[in-house]
Amino acid sequence: MIVNDLLPRLNDLQRQFGYLPLSELTSLAAETGVSMAEITSTATFYSGFRTQPGGKYLIRVCIGAACHVKGAEKVYDAFRRELAITGEDDTSADRLFTVSKAACLGCCMLAVAVQIENHIFGWVEPATVADVIRDFLHAKAEELAAAQEGRASADPTDASAEVCVCRCSSCRAAGAEKVWQSLHREAGRYGLPVHLREVSCTGKSYRAPEVTIHSAG
Ligand code: FES
Ligand code: FES
């Protein structure tokens, strides 16, 4: 087996486990006859592979051109400092957050932009990283609460109205996630016959977060 054949196998393991467990690499070596030395040197050569498990949540600080100009490196350093991550580590001691750099997130007008899971935060500065982490954890708690309190009508044919929420980058940065979770929670709480639908950018991000309501019939 040559390196080009090895990479897809390593990619599969990375996708499955989120990193490359040593036990899996050992099995791969036994199965393919490729030496462990060659497998580990390939795994460590490509920065996309992890040899240690990452945190529960991945913080991606955009270092694309627009964000770089606005101080993305300082924001990246501030996240590491806030989470007490030092040296070669990229993950907080409680394994809650991994901090990484990312290419353009596609919302340059929000520079410096930061993504944590499906949440986008805009205009992040070193002084606001603690707020970003706090807001993200708060949003996760809200999502959990919304899931526990029930969902709006799952069947569109039962609904008397359709509520469309844009969850693209600009709308996310303007609070679309909170709107989406609140709509789910309130519709579930009052048993409203509405169908909630996620839509992509409607081109009206100047009034983000964008929500439109269509009555049925
Ligand atoms: S350069 Fe950061 S979002 Fe585009
Ligand atoms: S990102 Fe929501 S309308 Fe464009």
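A salt bridge is a side-chain nitrogen of Lys or Arg within 4 Å of a carboxyl oxygen of Asp or Glu. The exercises below use that cut-off on a predicted model.

**Exercise 1. Find where E186 and R189 lie, and describe their pairing.**

Solution. 
- Step 1: locate the residues. E186 and R189 both sit in helix α8, which covers residues 176-190.
- Step 2: check the spacing. They are three residues apart, about one turn of the helix.
- Step 3: check the distance. Their closest N and O atoms are 3.4 Å apart, and the two form a salt bridge.
- Step 4: E186 is partly exposed at 26%. R189 is partly exposed too, at 46%.
- Step 5: turn to a linked group. Salt bridges with shared partners join D131, R134 and D135 into one network.

**Exercise 2. Are E177 and R172 buried or exposed, and how far apart are their closest N and O atoms?**

Solution. 
- Step 1: take the distance. The closest N and O atoms of E177 and R172 are 2.5 Å apart, and the pair forms a salt bridge.
- Step 2: take the setting. Both residues are buried.
- Step 3: recall the general idea. Side chains of opposite charge can pair when their charged atoms come close.

**Exercise 3. Describe the surroundings of E210.**

Solution. 
- Step 1: E210 is in the loop between β6 (194-199) and β7 (211-215).
- Step 2: The relative accessible area is 5%. Buried means under 20%, so E210 is buried.
- Step 3: find a polar partner. The side chains of E210 and R207 are joined by a polar contact of 2.8 Å.
- Step 4: list contacts beyond four places in sequence. Among them are C164, V165, C166 and C171. T202 and K204 also touch E210.

**Exercise 4. Describe how domain 2 meets domain 3.**

Solution. 
- Step 1: The domain assignment gives domain 1 (3-45), domain 2 (57-147) and domain 3 (150-215).
- Step 2: find the separation. Over C-alpha atoms, the centres of domain 2 and domain 3 are 25 Å apart.
- Step 3: count the residues in contact. Domain 2 gives twelve residues and domain 3 gives ten.
- Step 4: give the area. About 1,100 Å² is buried between these two domains, and carbon and sulfur atoms give 53% of that.
- Step 5: name the elements. On the side of domain 2 that touches domain 3, β4 (119-121) and α6 (129-149) each give two or more residues. α6 gives the most, with four.
- Step 6: sort the residues on that side. Six are nonpolar, four polar and two charged.

Terms used. Residues numbered from 1 in each chain as written. Chains lettered and ligands numbered in written order. Predicted model: local features only at pLDDT ≥ 70, side-chain atom pairs only at ≥ 80, totals over all residues. Heavy atoms only, no water. Domains from an automatic or database assignment. Contact = heavy atoms within 4.5 Å. Buried area = accessible area lost by both parts, 1.4 Å probe. Nonpolar A, V, L, I, M, F, W, Y, C, P; charged D, E, K, R; others polar. Buried < 20%, exposed > 50% of the residue type's maximum accessible area, 1.4 Å probe, protein only. Polar contact = N/O pair within 3.5 Å; in protein donor to acceptor, adjacent residues only side chain to side chain.
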